[in-house]
Amino acid sequence: MARIVRAMDVRASFWPVLEAGKYLPRENITTGRLHRAGCGGFGRASLSSEWANTLTRACVALATFSRAAGIVRERGGRPRGRVTTRGTRIFVPAKAVDEVVKEEQWKSIEVEHLGDKGFGMVAARPIRRGELVLREAPLLGLPESFDGDLEELMNQTSLRQLDADLRQALEDLSEEQQRRFWSLADSHSPGQKTAAGVALTNALQLGTGGGLLCRSARFNHSCLPNVQGTWADGCAEWRALRDVSAGEELCFSYVDPYQTDVQRQETLELLFKFKCQCPVCSLEREARETSNQTRLQLRELNEGLQLAVIGADDAGYVAERLVPEMLDLLDIELGGSSALKTKALHLGFLLALESEDEDLAKNMAQKAYEHASVAYGPNSDRAKMLQACAEGDYESEEFEDMLLEMQSEAFAS
Ligand SMILES: C[S@@+](CC[C@H](N)C(=O)[O-])C[C@H]1O[C@@H](n2cnc3c(N)ncnc32)[C@H](O)[C@@H]1O
């Protein structure tokens with residue numbers, strides 16, 4: 001385990017940031033409150049307000065750091081900067097990459113007009129859980145270097161600049177490609193479409209990559225998503241999160257699912273100009289309140305796990321308690337989303353490893369691998385990495401490198 005400890009020491013570099021923010025003294029996280037919280041019903045039961053406040057402050061600090069480090073995207077509350085939605089990290093387009101990977105034809109889904117929602121993606125035949133439904137190269141690539149701060153972007157000067165940059169990039173595209181661009185929805189420009197409005201409405205950020213993707217852009221939003229996108233070899237890939245019937249719409253979540261309906265609606269209204277009427281948002285008041293409570297519990301559990309990864313004495317115990325609870329709640333509230341389960345189990349794996357509980361680590365990694373195979377594909381980097389962890393030669397050089405990558409991956413959505 002020596003190598004692991006060395007790899008985990010990377011966490012030390014987190015602390016100056018947390019401490020500089022004066023949100024939470026190191027000892028509170030590493031020895032005190034998290035330890036007690038881990039032992040004392042942290043999660044579903046109830047958090048004391050003192051603990052909740054402390055946790056919130058710590059998580060703000062963590063989020064601040066993580067954003068600065070590009071580890072996690074902004075979550076919750078009013079959308080600022082990058083959030084976990086489509087179209088919120090808008091980059092100045094670089095070059096057309098359409099030629100690089102030719103768009104393939106996909107038969108299991110088709111674009112249909114769905115009334116007020118505009119166009120949407122519908123299953124043309126029954127689709128199995130884990131099935132790849134679309135692989136698509138972007139029409140316009142979006143360079144990593146651009147820090148698409150949304151607040152900054154949504155002011156008029158930035159929008160004009162974005163519009164001009166896009167129009168210039170479009171000149172390099174074929175007429176057909178330009179036609180496809182202008183056929184996309186623009187929810188931001190009443191009256192006539194603008195290039196910036198089309199980009200704000202449709203640009204996608206999926207993990208490490210993103211861009212304007214003409215077919216992927218037709219997936220509408222649901223707070224109970226049934227597809228998951230990922231970035232692989234310069235393309236967007238979409239897989240079904242559960243079995244889908246012919247005729248059913250395929251949707252993913254534009255927003256952080258661990259928020260209340262009011263928070264989700266606020267973000268969707270601001271960024272995408274619509275009121276969500278998905279099955280969760282349409283629940284009767286009491287059921288909606290239950291759904292909100294469950295999502296907030298999931299949020300606390302997720303933040304608790306992330307926090308524990310950067311410092312908890314009883315990491316293994318936290319993993320054993322919190323991860324199964326999260327998995328149960330995900331079954332109840334989010335259709336057992338394999339994407340969200342992968343993340344919870346991935347964090348659990350890191351915690352188990354930190355506590356040097358190899359059996360628990362392998363068990364978490366194996367389950368994370370199974371869910372990653374559904375959400376991201378069995379050949380995805382994430383699935384392969386988790387599989388190697390489940391088989392685990394934890395002393396090898398390669399494992400040390402992989403662990404470093406996994407630590408930052410665990411914080412990404
Ligand atoms: C990326 S586009 C999705 C495809 C779009 N419906 C179309 O016609 O091309 C995003 C826009 O679709 C609409 N939209 C997406 N999800 C929706 C939903 N659940 N309910 C209503 N409108 C939705 C909103 O106008 C949003 O700004």
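Two strands pair here if DSSP finds at least two bridges between them. Keep that rule in hand for the sheets on this tour. The model is predicted.

**Whole chain.** Start with the protein chain in cartoon view. Its secondary structure comes to 15 helices and ten strands. Now colour by burial. Of the 413 residues in the protein chain, 46% are buried. Then turn to contacts between residues at least 6 apart in sequence: 70% of them join residues at least 24 apart.

**First sheet.** Select β1, β2, β10 and β7. These four strands form an open sheet, in the order β1-β2-β10-β7, and the pairing is mixed. Which are the edge strands? They are β1 (109-113) and β7 (220-221), and each pairs on one side only. Strands of a sheet pair through backbone hydrogen bonds, either parallel or antiparallel.

Now zoom in on β1 and its partner β2, residues 119-123. The two run antiparallel, with five bridges between them. For one of these positions, pick V111: its bridge partner in β2 is M121.

Select β4, β6 and β5. This is an open sheet of three strands, ordered β4-β6-β5, with antiparallel pairing. Its edges are β4 (140-141) and β5 (204-206), each pairing on one side only. Next, show β4 with β6, residues 209-212. Two bridges join this antiparallel pair. Click L140, then find its bridge partner in β6, L212.

**Helix α10.** Finish with residues 285-309, helix α10. How many Å should its 25 residues span? The rule is 1.5 Å times one less than the number of residues. That gives 36 Å, and the end C-alpha atoms of α10 are 36 Å apart, so the two agree. Look along the helix axis as well. An α-helix has 3.6 residues a turn, so residues three or four places apart point the same way.

Last stop: step past the end of α10 to G311. This glycine follows the helix and has a positive phi, near 155°.

Methods:
Residues numbered from 1 in each chain as written. Predicted model: local features only at pLDDT ≥ 70, side-chain atom pairs only at ≥ 80, totals over all residues. Buried ≥ 20, exposed ≤ 12 C-beta atoms within 10 Å, placed from the backbone. Contact = placed C-beta atoms within 7 Å.
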